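Subject: Structure for you to look at

Hello,

Here is the structure I said I would pass on. Please open it first and then read my notes below with it on the screen.

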Amino acid sequence: MGMDIHIETHQDEVTEEFQQTAVAWLHEACGELVSAVRNNQRVRTGKTRQSWRYVVDEAKLEGAVASDSENAVWEEFGTGEYALNGNGRKGGWWYVDEKGQRHFTRGKRPIRPLFKAYMALKGRIIASAQERFGRMT
């Protein structure tokens, strides 16, 4: 009376499909965010605008959007008397620009390009994830 029971799970195929879907979605979401941040960026020379990049860690299924430009931090959070959290230098200061010209400033107003891009795209990115991963159930 020996009955052999064989169960097929297809777990490896499901895991692989999930991984591929997640990686593709991360690239798409991060790419959209980078594009939106660049569009929100003030442009004088274009250096800061072009410095925005994203990376996807496929093993951890994580994506990150960032800039290596010091100016990107100033654009996001402001400086001096205009610093977002009120913790900037007060009273103004002189600086010399890349052309050797001296300027007096009280700081730079934050324009929040990353925050604004995130807020504008958050709903669409969440909906995209729900649509893609909802099909997998």
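F18, W25 and F133 form one aromatic cluster. Please keep in mind that this is a predicted model.

Aromatic rings

A pair of aromatic rings is described by the distance of the centres and the angle of the planes. The count here comes to three aromatic pairs. In one of them, the ring centres of F18 and F133 are 5.3 Å apart and the planes stand at 45°, so the pair is tilted. This pair links distant parts of the chain, since F18 is in helix 1 (residues 11-40) and F133 is in helix 4, 115 residues apart. F18 has a relative accessible area of 38% and is therefore partly exposed.

W94 and F104 make another pair, with centres 5.5 Å apart and planes at 65°, so this one is edge-to-face. The pair also links distant parts of the chain: W94 belongs to strand 3 (residues 93-96) and F104 to strand 4, ten residues apart. F104 is partly exposed, because its relative accessible area is 40%.

Charges over rings

R89 lies over the face of W93, 4.1 Å from the ring centre. The charged end of R112 sits over the ring of F115, at 4.5 Å from its centre. R112 is located in the loop between strand 4 (102-105) and helix 4 (113-134). R112 has a positive phi of about 55°, although it is not a glycine.

The hairpin

How do strand 1 and strand 2 run, and how many bridges join them? Strand 1 (residues 52-57) and strand 2 (residues 62-67) run antiparallel and are joined by six bridges. D57 stands opposite E62 in strand 2. The two strands form a hairpin with four residues between them. L61 lies in the loop between these strands and has a positive phi of about 55° without being a glycine. With a relative accessibility of 27%, L61 counts as partly exposed.

A serine beside the hairpin's sequence

Is S51 buried or exposed? S51 counts as buried because its relative accessibility is 11%, and buried means under 20%. S51 is placed in helix 2 (residues 47-51). Its side chain is joined to that of S67 by a polar contact of 2.5 Å. Apart from neighbours within four places in sequence, S51 is in contact with A66, S67, D68 and S69.

Regards

Notes:
Residues numbered from 1 in each chain as written. Predicted model: local features only at pLDDT ≥ 70, side-chain atom pairs only at ≥ 80, totals over all residues. Heavy atoms only, no water. Pairing = 2+ DSSP bridges. Buried < 20%, exposed > 50% of the residue type's maximum accessible area, 1.4 Å probe, protein only. Polar contact = N/O pair within 3.5 Å; in protein donor to acceptor, adjacent residues only side chain to side chain. Contact = heavy atoms within 4.5 Å. Phe/Tyr/Trp six-rings, centres within 6.5 Å; stacked < 30°, edge-to-face > 60°. Lys NZ or Arg CZ within 6 Å of the ring centre and 35° of its normal.
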